[in-house]
Amino acid sequence: MRSRPIQTPPRPLVHSRLDLRFAALVAALALGVSGCGETVSFSVLRAAKVNVKGIAGNKDATVSVGEWGGVDQAAAADVKQRIVELVTNAEGGVVKFSTSRGVVHVDGQVSEHAYTENVTSTQSQCSRYNQDTKKTESYTCTHRKRVGVAHVRIAANVVDESGKVVASDSFSDKAERATSATDGDPDAIDGEQVLAGLRAAGAAKLAALVVPHRVQVTKKWFKCGDASAQCEAGLLHLRSGNFAPAREQFTKAVDLLRGQAKPDAEAIAAAWWGITLSHEFDGNYAGARVALEEAIKLDPKNETYAGEGKLIAEEEQNAQKLGKQGVGGD
């Protein structure tokens with residue numbers, strides 16, 4: 001299944017509905033550098049936990065959002081609204097939001113929603129320039145640090161028309177922000193903004209119970225030795241979601257390296273790794289497995305290659321789940 005590149009920066013909370021002609025597994029690449037070296041990141045569409053279409057049968061796959069309460073009613077209302085928006089704008093277009101009772105109903109509560117702040121002071125010796133004496137002098141200064149911590153805990157149930165709970169999930173996290181100043185008050189922290197960020201993350205996780213959701217999948221990248229030009233060209237195509245041209249470049253890299261007087265096995269394996277990823281995120285899982293076998297033969301000690309077979313199987317299972325949920329296909 002053909003993938004469609006995703007534009008950067010990342011999607012906002014509310015985005016336009018995608019046409020069903022796009023593939024179930026949508027992947028886009030960005031080449032970057034991490035503490036472990038170069039990496040390649042894919043934006044991948046993950047299947048919902050609940051197959052609403054399967055539950056609906058011949059009816060519309062509708063999702064309603066019901067009672068939300070807890071320790072903070074305003075926070076609960078905000079989480080509810082965010083889930084409504086995520087359901088309304090879900091990718092694939094097969095799940096529809098319903099203001100009345102849907103095929104499945106999402107109920108939940110915010111059991112923790114708090115922000116606390118603390119300011120501490122310490123003294124030390126600082127230096128400053130004295131305009132009168134034209135000298136730098138030492139003095140006792142005061143350092144103040146403001147630390148704000150937000151805690152949010154949310155839980156949700158998915159209930160079918162018979163009242164049976166078919167799935168549940170929870171979100172619990174905290175976020176910390178800090179400001180500091182010397183001989184003055186630290187800048188204020190917008191605690192509500194910090195809490196809002198946690199509510200948004202919680203709503204996204206819980207909406208994934210009933211709608212497809214995106215995750216970033218990051219893969220290590222390995223140098224292709226003397227075929228670096230071909231591999232870099234392949235990465236440019238991958239970054240645009242052009243998988244066939246990418247494979248052509250990686251195949252050229254393999255041929256070039258094999259033709260050398262002393263072939264570099266690890267470099268050839270890296271080129272096969274590029275072919276593996278281009279197949280995997282193009283939905284050709286059989287082709288990905290064949291290419292991966294070649295990479296492993298040439299570089300058997302590479303732990304990344306050794307573990308990718310399991311991940312390819314997981315991507316294939318995810319694509320199958322998306323298909324059952326009615327997402328994907330040209």
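A residue counts as buried when its relative accessible area is under 20%, as exposed when that area is over 50%, and as partly exposed in between. The legends below apply these terms to a predicted model.

**Figure 1. Overview of the predicted chain.** The model shown is a prediction. The protein chain contains eight helices and eight strands. Of its 330 residues, 44% are buried. Among the contacts in the chain with a separation of 6 or more, 71% are made by residues 24 or more positions apart.

Figure 2. Along the chain, Val40 and Leu277 are 237 residues apart, yet their C-alpha atoms are separated by 9.5 Å.

Figure 3. Helix α6 is formed by residues 265–280. Its 16 residues, at 1.5 Å a residue, should span 22 Å, and because the C-alpha atoms at its ends are 22 Å apart, the model agrees with that expectation. The helix is mostly covered, with 14 of the 16 residues buried. At the start of α6, a side-chain oxygen of Asp264 comes to within 3.2 Å of the backbone nitrogen of Glu266.

Figure 4. With a relative accessible area of 14%, His279 is buried. When neighbours within four places in sequence are left aside, His279 is in contact with Arg247, Asn284, Gly287 and Ala288.

**Figure 5. Helix α2 and its covering elements.** Helix α2 comprises residues 73–88. A side-chain oxygen of Asp72 lies within 3.1 Å of the backbone nitrogen of Ala74 at the start of the helix. The buried residues of α2 are Ala75, Ala76, Val79, Arg82, Ile83, Val84, Leu86 and Val87. An α-helix has 3.6 residues a turn, so residues three or four places apart point the same way. What covers the buried residues of α2 includes strands β3 (61–70), β4 (95–97), β5 (104–130) and β6 (135–160), together with helix α3 (191–207).

Figure 6. Rolling a probe the size of a water molecule over the atoms shows where empty space is left. A search of the whole structure finds four cavities of 30 Å³ or more. The second largest cavity holds about 50 Å³ of space. Its lining consists of Ala48, Val50, Asn51, Val52, Lys53, Val94, Val95, Val210, Pro212, Gln325 and Val327. By type, eight of these lining residues are nonpolar, two are polar and one is charged.

**Figure 7. Two loop residues with positive phi.** Most residues other than glycine have a negative phi. Lys134 is not a glycine, but its phi is positive, at about 60 degrees. Lys134 has its place in the loop between β5 and β6, and with a relative accessible area of 52% it is exposed. Asp183, also a residue other than glycine, has a positive phi near 55 degrees. The place of Asp183 is in the loop between β7 (165–182) and α3. The relative accessible area of Asp183 is 43%, which makes this residue partly exposed.

**Figure 8. Thr179 in strand β7.** Thr179 has its place in strand β7. The side chain of Thr179 reaches the backbone oxygen of Asp187 at a distance of 2.7 Å. Leaving aside neighbours within four places in sequence, the residues in contact with Thr179 are Arg144, Lys145, Arg146, Pro186, Asp187 and Ile189.

**Figure 9. Gly328 after helix α8.** Gly328 belongs to the segment that follows α8 (303–324). Gly328 counts as partly exposed because its relative accessibility is 27%. Gly328 and Glu91 are 237 residues apart along the chain, and their C-alpha atoms are separated by 9.7 Å.

Technical notes. Residues numbered from 1 in each chain as written. Predicted model: local features only at pLDDT ≥ 70, side-chain atom pairs only at ≥ 80, totals over all residues. Heavy atoms only, no water. Helix = DSSP H or I, 4+ residues; strand = E, 2+ residues; numbered from the N terminus. Expected span 1.5 Å × (residues − 1). Buried < 20%, exposed > 50% of the residue type's maximum accessible area, 1.4 Å probe, protein only. Polar contact = N/O pair within 3.5 Å; in protein donor to acceptor, adjacent residues only side chain to side chain. Contact = heavy atoms within 4.5 Å. 1 Å grid on protein atoms, 1.4 Å probe; cavity = no way out; pocket = protein on both sides within 12 Å on 5 of 7 lines; lining within 4 Å. Points joined across faces, edges and corners; volume = space filled by probe spheres on them. Nonpolar A, V, L, I, M, F, W, Y, C, P; charged D, E, K, R; others polar.
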